[in-house]
Amino acid sequence: MSKAIKLVSQSKCYGGFQCVYEHESSILKCTMKFGCYLPPQHEKKKNLPIVYYLSGLTCTEQNYIMKSGFQRYAAKHGIVVINPDTSPRGFDLPGEHESYDFGSGAGFYVNATEEPWKTNYRMYSYVTGELPTVVASNFNVNVGKSAISGHSMGGHGALIAALRNPGKYKCCSVFAPISNPSECPWGVKAFTGYLGENKSSWKQYDATFTAKEYDGPKLEILLDQGEDDPYLNDKQLLPENLANACSTNKHINLNFRMQPGYDHGYFFIMSFMEDHFNFMAKHIC
Ligand SMILES: N[C@@H](CCC(=O)N[C@@H](CS)C(=O)NCC(=O)O)C(=O)O
């Protein structure tokens, strides 16, 4: 596996640098971009903590970089922030670019088992395996101090990454996550396409199921959900199902906050970004 990365862009921001890098992913078999915020502390200090942030449907690495305002808090706490793209890129598989909720921009953080997706659509292994290795070999980070965060489809990705890899991520921060994908239209469409009709193979990628089975070190999860999020009312997110599952598991502490008046977008996310960085900093700084 090549660990080489190439700088695509670099802009000074809060004393550090917001960068975008690209690299050849051997798992996805394509060139992938990822955002990398290097806080001011990166020049002198070694062993900085890492936050991974996974984005939602239709996003590239740009949405979070441009819209969330996270850099201010990453600079304050001295955290390296890595945010990958949401699917493999550069292919033209049948139907890949036809809908916003499947294929490109919608990798759902699973390892596909179905044709024609199974060769490239392996975002679970990319995010939890290849990307951390690439990050560890290129930046002054301490992989033992990692947290994972995400929004919507990326909230689902963050939850399953944390729940399936006990101890790897010290805590998990999510905004409006797709919390029970086996039971919502977005998830059913994606899992049928990537994983096939057999629902038993879906459970490993469903936070509501994996939360019941988690028995690792105490996992703290901060979940913010806008009350006026249209996708909440459309039953795409189902955070109450995750909350029920977590309430029966003493190894998980879920802080589930409903936020009146907020919708699904980045204005909601930016409003609670400081809280999420304070929460993650407590676990990794
Ligand atoms: N109706 C939206 C659905 C997708 C959506 O809301 N995506 C969220 C994540 S699930 C997002 O972050 N969009 C990009 C943005 O707001 O910058 C669309 O077609 O773009």
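**View 1. Tyr37 in strand S3.** Tyr37 has its place in strand S3, residues 30-38; strands here are DSSP runs of type E with at least two residues, helices are runs of H or I with at least four, and both are numbered from the N terminus. At 0% relative accessibility, Tyr37 counts as buried, because buried means under 20% relative accessible area, while exposed means over 50% and partly exposed lies in between (1.4 Å probe, protein chains only). Look for Ala75 too: Tyr37 and Ala75 are 38 residues apart in sequence, but 8.7 Å apart in space, C-alpha to C-alpha. You're looking at a predicted model, where local features need pLDDT of at least 70, side-chain atom pairs count only at pLDDT 80 or more, and totals for chains, interfaces and linings use all residues. Residues are numbered from 1 along each chain as its sequence is written, and side-chain values use heavy atoms, with hydrogens and water left out.

View 2. Gly56, Leu57, Thr58, Cys59, Asn63, Lys67, Tyr100, His151, Ser152, Tyr231, His264 and Tyr266 surround the ligand; a residue is near a molecule if one of its heavy atoms lies within 4 Å of it. Sorted by class, this shell has five nonpolar, six polar and one charged residues. For that sorting, Ala, Val, Leu, Ile, Met, Phe, Trp, Tyr, Cys and Pro count as nonpolar, Asp, Glu, Lys and Arg as charged, and the others, Gly among them, as polar.

**View 3. Polar atoms around the ligand.** A polar backbone atom of Leu57 is 2.9 Å from a nitrogen atom of the ligand. Over at Asn63, an N or O atom of the side chain is 2.8 Å from a ligand oxygen atom. Taken alone, the ligand exposes 490 Å², and the protein buries 71% of that (Shrake-Rupley method with a 1.4 Å probe; for residues, only the protein chains shown count as cover).

**View 4. Ser146 in strand S6.** Find Ser146 in strand S6, residues 141-151. With 4% relative accessibility, Ser146 counts as buried. Its side chain reaches the backbone oxygen of Val143 at 2.9 Å.

**View 5. Gln225 and its partner.** Gln225 belongs to strand S8, residues 219-226, and is buried, with a relative accessible area of 0%. A polar contact of 3.1 Å joins the side chains of Gln225 and Asp229. Such a contact is a pair of N or O atoms within 3.5 Å; within protein, one must be able to donate a hydrogen and the other to accept it, and residues adjacent in sequence count only if both atoms are side-chain atoms.

View 6. Most residues other than glycine have a negative phi, and most peptide bonds are trans. Now check the bond from Glu115 to Pro116: this one is cis, with omega near -5°. Pro116 is in the loop between strand S5 (80-84) and helix H3 (123-138). Ala176 isn't a glycine, yet has a positive phi of about 45°. You'll find Ala176 in the loop between strand S7 (171-175) and helix H5 (185-195), where this residue is buried at 0% relative accessible area. Lys235, also a residue other than glycine, has a positive phi near 60°. Lys235 sits in the loop between helix H7 (230-233) and helix H8 (239-247), and is exposed, with a relative accessible area of 52%.
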